[in-house]
Amino acid sequence: MVILWLLIYFNILNVLKKNLFAILSFSIFLSILVSIIFSSRFLKPIKYIKDALNIYGSGNLDFHIDTKNMSNELTEIAVSIQNMAQSLKGYINELQDKQRKMELLNRLSSIGLLSAGISHELNSPLNSILLLCDLLLKDFNNNGTINIDDIKTIKEEAKKCVEIINNLKLLDPKYTSSDIRDVIDLKDVIEKIVTYLQEDSSKINFKLDLESCKLIGNRTLIQQAILNIVLNSIDAIKDYGEIKINLKRDNDMIILEIEDNGEGIDESILDKIFDPFYTTKSPEKGTGLGLSLVYKIINDHNGKIDIQSKKNVGTKFIIRFRHYENSSD
Ligand SMILES: Nc1ncnc2c1ncn2[C@@H]1O[C@H](COP(=O)(O)OP(=O)(O)OP(=O)(O)O)[C@@H](O)[C@H]1O
Ligand SMILES: [Mg+2]
């Protein structure tokens, strides 16, 4: 019996030996077939899902994932990703809508604030013009004379109105100072301003430390911005005080510091001082447009302005501009 089994075993072994080549070829063919099936059933769809994720990532959240040749599991994953993209799209739309509404509200409220400021500021000079015109007419009708001082005051008040309107024009976001551009040396501008101001402000000791620093811009506007800051410093100094102006170049940047030891600014109003028509001064002294103009002008010249202030200690404005690139110095 054992012999019979051994014979069968050796017979099979013989047949197998003969067909070894056929078996090997069949195995190779089988593994290639399995990899092709695996690749088409799993790898390709996974790559396709990865590409779809990239498309979503680039912002096209409407992309449709075709799940036709995918296994059930991958179809589930693809559908979840697609749903997630759709809810993300809804969320973004909602946010954009809210942002648009907020912007509109902000615009309306700043238009409201601005109109209130404009009417308040123009109201008082225009009313005094009207009042003085009535007085003049009355005087003329009564005794045929006209008070020259009244005419001078009318002119002053009218000039104030023109000034407010001109400043408002400069604040218009559509207005840019790009049409008139020069290479400006800030050192010259500051020296001219200080010479002009020194003549009638004997209470101020100006301390200047100025390097030649050049930028491209509108000379008149830059002059106006620096003048507005220095005028505020003069107003902040009650009796006798000091205004330090430092101008230096730091690589490709210009750093301008204007510092006074005046009354300083209360922390609670620091974030308001650049708002149009915000002023702590009396109507004859200030309209509250000075620093709004400073901010707009510096911004239009790609500069930055920072402020440090302490009540009863003083205020420092730090302004940074990019230095004129082709300058050799
Ligand atoms: N150097 C400073 N020291 C103290 N307070 C300052 C200084 N600079 C600005 N301020 C405060 O900021 C406010 C706004 O300044 P801004 O120049 O815009 O308006 P104004 O000086 O009041 O009026 P205007 O400049 O239009 O004549 C001032 O009223 C003042 O309270
Ligand atoms: Mg001012």
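The crossing of α5 and α6 is right-handed, a crossing being right-handed if the near helix is turned clockwise from the far one by less than a right angle, and left-handed if anticlockwise. Helices are DSSP runs of H or I with at least four residues and strands are runs of E with at least two, both numbered from the N terminus. This is a predicted model, in which local features need pLDDT of at least 70 and side-chain atom pairs count only at pLDDT 80 or more, while totals for chains, interfaces and linings use all residues. Residues are numbered from 1 along each chain as its sequence is written, chains are lettered from A and ligands numbered from 1 in the order in which they are written, and side-chain values use heavy atoms, with hydrogens and water left out.

Two packed helices are described by the angle between their axes and the distance between the axes. The axes of α5 (residues 186-198) and α6 come within 10 Å and cross at roughly 45°. Here axes are lines fitted to C-alpha atoms, for helices over the stretch in contact, and angles run from 0 to 180 degrees between N-to-C directions. The arrangement therefore makes α5 oblique to α6; angles under 35 degrees count as roughly parallel, over 145 as roughly antiparallel, 65 to 115 as roughly perpendicular and the rest as oblique. On the α5 side, L186, V189, I190, I193, Y196 and L197 make the contact, and α6 contributes R219, I222, Q223, I226, L227, V230, L231 and I234, contact meaning heavy atoms within 4.5 Å. These residues comprise 12 nonpolar, one polar and one charged. Ala, Val, Leu, Ile, Met, Phe, Trp, Tyr, Cys and Pro count as nonpolar, Asp, Glu, Lys and Arg as charged, and the others, Gly among them, as polar.

Helix α6 also packs against α7, at an angle of about 140° and with the axes 9 Å apart. The two helices are therefore oblique to each other, and their crossing is left-handed. L221, I222, Q224, A225, N228, I229 and N232 of α6 meet G290, L291, L293, V294 and I297 of α7. This contact has eight nonpolar, four polar and no charged residues.

Helix α7 has a further partner in α4: their axes come within 9 Å and cross at roughly 35°, in a left-handed crossing. N167, L170 and L171 of α4 touch S292, L293 and K296 of α7.

On a 1 Å grid over the protein atoms alone, a cavity is a set of points where a 1.4 Å probe fits but cannot get out, and a pocket is an open set with protein on both sides within 12 Å along at least five of seven lines; lining residues have an atom within 4 Å of a point. Grid points are joined across faces, edges and corners, and a volume is the space filled by probe spheres set on the points.

The largest pocket contains about 1,200 Å³. Of the 42 residues in its lining, N232, D235, K281, K285 and G286 lie nearest its centre. The largest share, eight residues, comes from α6. By class, the lining has 14 nonpolar, 14 polar and 14 charged residues.
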